[in-house]
Amino acid sequence: MEEKNIYKPYLMRIEKITQEAPGVKTFRLKFDDDEEGKNFSFRAGQFAEYSVIGEGESTFCIASSPTRFEKEQYVECTFREVGRVTSALAQCEEGDVIGFRAPYGNTFPLEAWKGKNILFIAGGIALPPMRCVIWNVLDKRDDFKDVNILYGAKSVADLVYKHELAEWDERPDVKLVTTVDPGGQTPDWKGEVGFVPAVLEKMAPSSENAVAVVCGPPVMIKFTLPVLEKLGFTPENIYTTLENRMKCGFGKCGRCNCGKMFVCKDGPVFSFSQLKDLPDEY
Amino acid sequence: MTIEKYLVKKASLSTLFDKIKASGKTIKAPVKKRHTTDFAAVGSLDETTDDYITTAQSAKSAVFPRVEKLFGYVKSKNGVELVDYDLSTIPETVLWGVRPCDAAGFDPLNAIFNWDINDVIFSTRLARTTIVGFACAKADSSCFCTSVGGNPGSTAGSDLLFTKLSNGDYLAEIITEKGKAIQALAPELFEAAPSEEKEQNLATVEQKFTREEIKAKAEQYFESDVWKEQAQRCISCGTCAFVCPTCACFDIQDEGHGKHGQRIRIWDSCGFSLFTQHTSGHNPRETQGRRWRQRVMHKFSYMPDRQSVYGCVGCGRCSRACPADMNLLEHLQQIVKL
Amino acid sequence: MDNVKKRAAELLKSEAVKVVIGYTMGTNGKPRAAFIQNAEDVDSLIFNAQCVQNLAVYLSKAEIKQLGKPAIVAPLNVLRAIIQLASEMQIQENELIVLGVSPDGELIDFQNFSAIEKYLEDFNMEVDAKEKETLEKISSMSLEERWKFWNEELAECFKCYACRAACPMCYCHKCAVEQNKPQWIPVAAHRLGNLEWHIMRAMHLAGRCVNCDACHEACPKGINLNFLTKLMLNDAQEEFGYTGVTLKEGNLLSTFKTNDQENFIQ
């Protein structure tokens with residue numbers, strides 16, 4: 001019998017804090033105990049339970065790529081300050097220690113995507129779960145063909161990872177399109193103005209030998225899917241990652257149960273053909 | 001092991017009870033306490049009652065307490081130190097007077113806590129729990145064990161099962177090694193098996209349907225209005241889940257007092273409106289009809305599919321306890337007739 | 001009860017209401033709530049002394065609101081809840097039809113909420129004599145005895161929130177126990193969590209509780225948590241001159257009066 005207490009988190013030291021957008025921060029975390037770090041690994045798409053000890057746990061993805069963990073032994077998370085735990089996290093300073101239980105859930109099928117064109121579509125605060133897989137793909141760039149990224153936010157201020165957007169924009173092997181909702185632009189804004197589905201239609205990426213990853217608010221997904229289908233993407237080739245409410249992360253607490261699936265175990269990554277078999281409870 | 005049968009005289013029961021107590025084990029047994037009959041730690045057989053169909057609450061709190069500390073913490077200037085759960089503090093416990101339906105509930109509970117990664121806190125509690133069952137001589141209109149794979153004299157889940165015979169003596173069936181260990185505390189009390197048939201001393205619970213029928217119908221009528229209609233009366237409390245022997249949904253919370261504190265696991269229920277609600281306000285199961293459907297589907301479809309065990313033992317507690325008369329048996333009978 | 005059934009059928013037939021909320025015979029010989037949407041089904045309506053669930057609780061339930069305009073079978077407890085809900089702006093006169101019932105099941109017609117208010121004046125909302133005796137016993141206990149009494153009583157609570165769910169006045173979408181910024185009271189059902197929960201709930205019901213005992217009836221552990229609300233009711237009457245539900249008064253805890261005798265509030 002395994003004797004490990006599955007509820008006891010690793011302790012992580014906050015190495016760096018980046019203010020991404022109003023109310024949105026990125027933490028770079030390193031294992032407080034090097035030994036624990038040596039035995040840790042994860043894959044793109046998996047998530048974690050982050051906690052301020054004494055305030056509770058909150059669920060969000062690991063926003064950094066496993067390739068960066070292999071090289072520099074850090075994981076990153078990006079969160080918006082909304083509830084009790086994320087507010088407490090937002091109060092943390094560099095050097096503070098937080099709890100971290102991970103890795104949980106399934107992963108993006110990167111092996112199967114080798115040799116394919118990849119289209120990333122993200123809206124607002126949904127770029128973090130995708131950033132992990134974007135960097136994973138870019139760090140193994142030769143394994144994949146064209147990489148297209150479409151990222152939209154309400155306003156210029158709401159765009160996260162601004163430095164990385166600039167970096168992707170400069171790379172010749174990435175095509176990046178950024179857009180903000182009408183009225184969200186600044187005078188010096190050089191990107192698109194318009195909602196993601198409309199910009200996607202204009203961008204018109206080929207569905208030939210391609211997979212699409214879509215993450216964003218439900219309304220964005222709702223209107224983006226028909227555009228993707230029009231472009232020839234089939235549900236098997238469109239992926240997303242779900243964000244149901246969770247507590248345990250390993251299929252016991254019951255919260256993320258949706259039909260026969262547990263989003264925390266069978267997800268969070270699903271193709272849209274898999275989602276069609278799930279009840280509308282996510 | 002094959003089940004061994006013995007006779008235990010009426011007068012020997014309290015001797016056996018005392019021997020268990022003397023062995024240092026905690027004994028929890030049904031006690032009439034304040035307003036209801038429920039399991040509580042007891043010192044002697046006199047404190048217990050055998051006048052109950054089922055206890056108000058199931059026996060699950062012995063392995064899944066309503067509040068369970070997962071680990072402790074101490075904060076200091078340099079950071080935080082976590083104090084792991086000390087498994088050695090979990091006592092050897094004998095649950096005395098468990099009804100066969102309740103005993104059958106430990107298997108689904110175990111499936112939930114151990115179907116993938118092992119919950120060592122739960123597992124240690126279960127491993128240190130011995131279940132002494134008492135077969136049912138009485139049943140009421142909420143009982144439906146026979147419709148969900150059980151029966152009033154079922155040995156499944158018990159380590160040792162007593163059935164009261166017509167003269168007041170007991171048939172003792174030793175089912176597991178843990179049961180044998182109880183016998184070994186007072187082997188002289190276990191006499192040659194009685195000749196009286198066990199069945200004639202059991203309550204009659206008419207079978208109304210099978211679990212498989214419910215599974216098939218519930219899946220087929222997933223989109224039906226029946227869930228919404230049945231749930232109209234439901235007032236969204238957690239009573240059904242909290243008295244249920246197999247409901248295991250939980251919440252995790254931190255509780256601190258100054259620099260010290262603990263992370264705890266507490267009972268929760270899929271029937272509560274906020275159970276699945278996201279911080280954004282989006283709620284995947286926004287209506288009580290959906291939540292009621294989830295409760296039935298989880299027990300009769302999702303659990304057998306994912307964990308190879310059904311999540312209902314037919315004890316009828318939810319029906320008896322419901323403040324709005326959401327009667328599970330009645331509702332399942334409606335579903336099976338769809 | 002015949003008049004009630006007749007009126008219910010008329011209302012459904014004429015589509016003046018879409019649903020009649022009433023009592024019907026449930027399982028195990030206990031009455032339960034019914035939501036009658038067809039005039040043919042009104043015969044299943046019953047009323048007797050066992051009809052203790054406060055049906056007004058369903059007036060705040062989204063799933064029932066969706067059925068359309070209701071008529072509600074309303075004995076004394078339900079009438080009080082309706083007036084209290086109205087005074088708290090939770091329901092409006094034109095949103096429902098009240099089918100008042102006397103203790104022996106006779107239909108009482110009410111033209112409007114004011115008529116209900118007037119009718120209620122004849123029924124003092126007082127704790128009955130036997131309960132009063134128990135409450136006085138509790139109040140006369142020494143501090144230690146009282147602490148022990150409440151600890152033992154509330155230790156049994158496992159926080160299923162049936163009390164809250166059965167209470168027509170507990171209509172908040174997010175209860176104070178669920179507010180976690182800050183966490184006002186512990187969520188867990190341990191001693192402190194239970195004490196704080198029940199005290200907090202009783203405080204929030206001071207001067208609002210309609211003394212229907214639905215919370216106690218709903219409690220699967222039979223806890224006398226209504227003793228707390230009854231004690232609050234006594235205090236409200238003795239200390240603040242509270243006389244019972246009205247459309248005008250406002251709530252004891254949320255009403256400011258310039259002639260308040262306490263100076264901290266001025």
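Me: Which residue is the bridge partner of Lys75(B) in strand 5 of chain B?
Reply: Val80(B) is the partner of Lys75(B) there. Keep in mind that this is a predicted model.

Me: How many bridges join strand 4 to strand 5 of chain B?
Reply: Six, and the two strands run antiparallel. Strand 4 covers residues 67-76 of chain B.

Me: What order do the strands of that sheet take?
Reply: The order is 5-4-12-11 in chain B, an open sheet of four strands with antiparallel pairing. Strand 5 (79-84) and strand 11 (250-257) of chain B each have a single partner strand, so one side of each has no neighbour in the sheet. On average, neighbouring strands are turned by 25 degrees against each other, direction ignored.

Me: And which helix packs on the sheet?
Reply: Helix 4 of chain B, residues 120-127. Helix 4 touches strand 4 and strand 12 (260-267) of chain B, and its direction makes about 130 degrees with that of strand 4.

Me: Switching to salt bridges. How many does the structure hold over all chains?
Reply: There are 55. One of them pairs Arg141(A) with Asp173(A), with 3.4 Å between the closest N and O atoms. Arg141(A) sits in the loop between helix 5 and strand 8 of chain A, and Asp173(A) in the loop between helix 6 and strand 9, so the pair ties together parts 32 residues apart in sequence.

Me: Is Arg141(A) buried or exposed?
Reply: Buried, at 15% relative accessible area. Asp173(A) is partly exposed, at 26%.

Me: What does Lys180(B) pair with?
Reply: Glu4(B), with the closest N and O atoms 2.6 Å apart. Lys180(B) is in helix 5 of chain B and Glu4(B) in strand 1 of chain B, so this pair links parts 176 residues apart in sequence. Lys180(B) is partly exposed at 25%, and Glu4(B) is partly exposed at 24%.

Me: Where do Glu152(C) and Lys148(C) lie?
Reply: Both are in helix 6 of chain C, four residues apart, about one turn of the helix. Glu152(C) is partly exposed at 36%, while Lys148(C) is exposed at 52%.

Me: Last topic, chain C overall. How many helices and strands?
Reply: 10 helices and six strands. The radius of gyration of chain C is 19 Å, close to the 18 Å from the globule rule for 266 residues, so chain C is as compact as a globular protein of that length.

Me: What share of chain C is buried?
Reply: 55% of its 266 residues.

Note on methods. Residues are numbered from 1 along each chain as its sequence is written. Chains are lettered from A and ligands numbered from 1 in the order in which they are written. This is a predicted model: local features need pLDDT of at least 70, side-chain atom pairs count only at pLDDT 80 or more; totals for chains, interfaces and linings use all residues. Side-chain values use heavy atoms; hydrogens and water are left out. Two strands pair if DSSP finds at least two bridges between them. Axes are lines fitted to C-alpha atoms, for helices over the stretch in contact, and angles run from 0 to 180 degrees between N-to-C directions. Contact means heavy atoms within 4.5 Å. The radius of gyration is taken over C-alpha atoms; the globule rule is 2.2 Å times the number of residues to the power 0.38. Buried means under 20% relative accessible area, exposed over 50%, partly exposed in between (1.4 Å probe, protein chains only). A salt bridge is a side-chain nitrogen of Lys or Arg within 4 Å of a carboxyl oxygen of Asp or Glu.
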